[in-house]
Amino acid sequence: MEDNELKNMWKEYDRKIEESKILNLQSWVLNLQAFEYIKTEKAKSKLNALSRQKKWMIALGFVWLFFLIFLIVNSLEFSKAFFIISVGCIALFTLIAIVTYIRHVILIDEIDNSESLVETQEKAAKLQSSTLQTGRILFLQTPFYSTFFWSQQMITDAPLAFWTISFPIAIFFVWLSVWLYRNISFKNVNKKWFKILFSSSEWTSVTKALQYLEEINEFKKERG
Amino acid sequence: MQAKSDKDDLLKLILENKGIILKICNSYCHDKADREDLAQEIIIQLWKSGKGFTPDFKFTTWMYRVALNVAISFYRTGQKQKEVIPLAEGHLNIQDNLLEPFHLEEKSNRLQRYIAELKELDKALILLYFEEKSYKEIAEIVGITETNVSTKLSRIKEKLKQNIDQEKK
């Protein structure tokens with residue numbers, strides 16, 4: 001089969017399209033003008049839904065952050081040093097996540113459909129998968145949930161329990177959180193552990209976006 | 001905010017090039033209701049993005065970019081515009097004699113059926129090729145190099161030909 005044959009098949013189809021009509025296009029478009037549709041239309045796109053979801057997360061993040069600050073301010077004693085450092089680190093990661101979410105909300109507003117297909121689709125997919133990127137950062141705070149209750153007294157009174165249980169657990173969480181931070185990316189989207197970790201339905205759109213990002217990267221590659 | 005005369009010009013250009021919208025809708029949606037939803041969404045997005053149009057590009061290049069981006073996002077997310085606020089004139093009403101490509105035996109529809117099986121970005125490439133856009137313009141719309149356009153199109157055409165030839169046997 002030659003290229004021309006393919007083109008002729010398309011032309012045959014094209015003729016049918018030419019016969020198609022949008023029956024009320026003129027009046028519909030006039031209404032678009034008359035009612036200033038865009039002004040009143042409430043954006044319903046997936047990205048706007050994502051923006052709303054992120055704004056909620058920012059609000060919740062601030063509530064959590066203020067609570068953590070409240071705990072720190074009310075515990076300013078040397079004997080609570082482990083608690084203050086742990087909660088301070090959790091607060092710091094929460095703040096990083098809030099800033100990341102704010103940046104995402106700004107980026108959502110900047111998505112421009114008149115950019116090239118690859119640029120726009122890549123930005124949209126990156127934003128849809130960004131929940132996972134924030135998740136990576138939040139995983140880093142995990143070890144501090146296993147250290148906030150530590151105290152000098154705990155180490156001196158029960159050193160065996162501390163060095164054989166509490167300390168190894170904290171080290172394990174440090175290793176796990178760093179490993180997750182380094183490995184949660186679209187490169188591992190097809191790995192078994194990734195699928196198990198993100199198998200619930202709320203992650204479906206995120207993992208689909210990651211797979212799409214991988215597809216876009218493949219598409220961009222030039223192969224001879 | 002665009003001046004009224006600018007908006008009038010934009011809408012006139014959209015109306016003149018409605019064929020582009022119809023072809024994109026047909027390539028990305030097989031269901032008539034979805035095609036109408038997508039056409040509506042494309043026109044709204046073209047209107048919204050209108051102020052971003054600069055004479056650096058041909059109008060059709062800009063229109064293809066917006067329309068294909070909207071179509072790919074619509075297709076990918078399975079988005080339906082059921083929540084769109086109705087206008088007095090209601091929904092866009094497209095009259096065509098196209099049936100779902102999966103149910104047709106005609107040659108041109110066989111081609112449509114195999115195009116429908118392509119990935120979203122490959123579909124955009126072949127659509128622009130059949131629309132006789134130059135490799136340079138396709139590269140501008142899609143955002144890859146001309147060499148990459150040429151390589152990918154050769155592969156896609158080969159795949160389409162193989163599928164059609166296999167069906168003939």
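Colleague: What sits over the ring of Phe219(A)?
Modeller: The charged end of Lys152(B) does, 5.1 Å from the ring centre. Keep in mind that this is a predicted model.

Colleague: Okay. And which residue lies over the face of Tyr75(B)?
Modeller: That one is Lys123(B), at 4.2 Å from the centre of the ring.

Colleague: Let's switch to ring pairs. How many aromatic pairs are there over all chains?
Modeller: The count comes to 21. One of them joins Phe93(A) and Phe144(A), with ring centres 6.3 Å apart.

Colleague: Why is that pair called tilted?
Modeller: The planes of Phe93(A) and Phe144(A) are at 35 degrees. Stacked would need under 30 and edge-to-face over 60, so the pair counts as tilted.

Colleague: Nice. Where do those two residues lie in chain A?
Modeller: Phe93(A) is in helix H5, residues 81-109, while Phe144(A) is in the loop between helix H7 (130-139) and helix H8 (152-157). The pair therefore ties together parts that are 51 residues apart in sequence.

Colleague: Is Phe93(A) buried or exposed?
Modeller: Buried, with a relative accessible area of 16%.

Colleague: What about Phe162(A) and Phe167(A), how are their rings arranged?
Modeller: They form a tilted pair too, 6.2 Å centre to centre with 40 degrees between the planes. Phe162(A) is buried at 3% relative accessible area, whereas Phe167(A) is partly exposed at 31%.

Colleague: Last one: which residues do ring pairs link into a cluster?
Modeller: In chain A, the cluster takes in Phe172(A), Phe173(A), Trp175(A), Trp179(A), Trp193(A), Phe194(A) and Phe198(A).

Notes. Residues are numbered from 1 along each chain as its sequence is written. Chains are lettered from A and ligands numbered from 1 in the order in which they are written. This is a predicted model: local features need pLDDT of at least 70, side-chain atom pairs count only at pLDDT 80 or more; totals for chains, interfaces and linings use all residues. Side-chain values use heavy atoms; hydrogens and water are left out. Rings of Phe, Tyr and Trp (its six-membered ring) pair if their centres lie within 6.5 Å; planes under 30 degrees apart count as stacked, over 60 as edge-to-face and the rest as tilted. Helices (H or I, at least four residues) and strands (E, at least two) are DSSP runs, numbered from the N terminus. Buried means under 20% relative accessible area, exposed over 50%, partly exposed in between (1.4 Å probe, protein chains only). A charge sits over a ring if NZ of Lys or CZ of Arg is within 6 Å of the ring centre and within 35 degrees of the ring normal.
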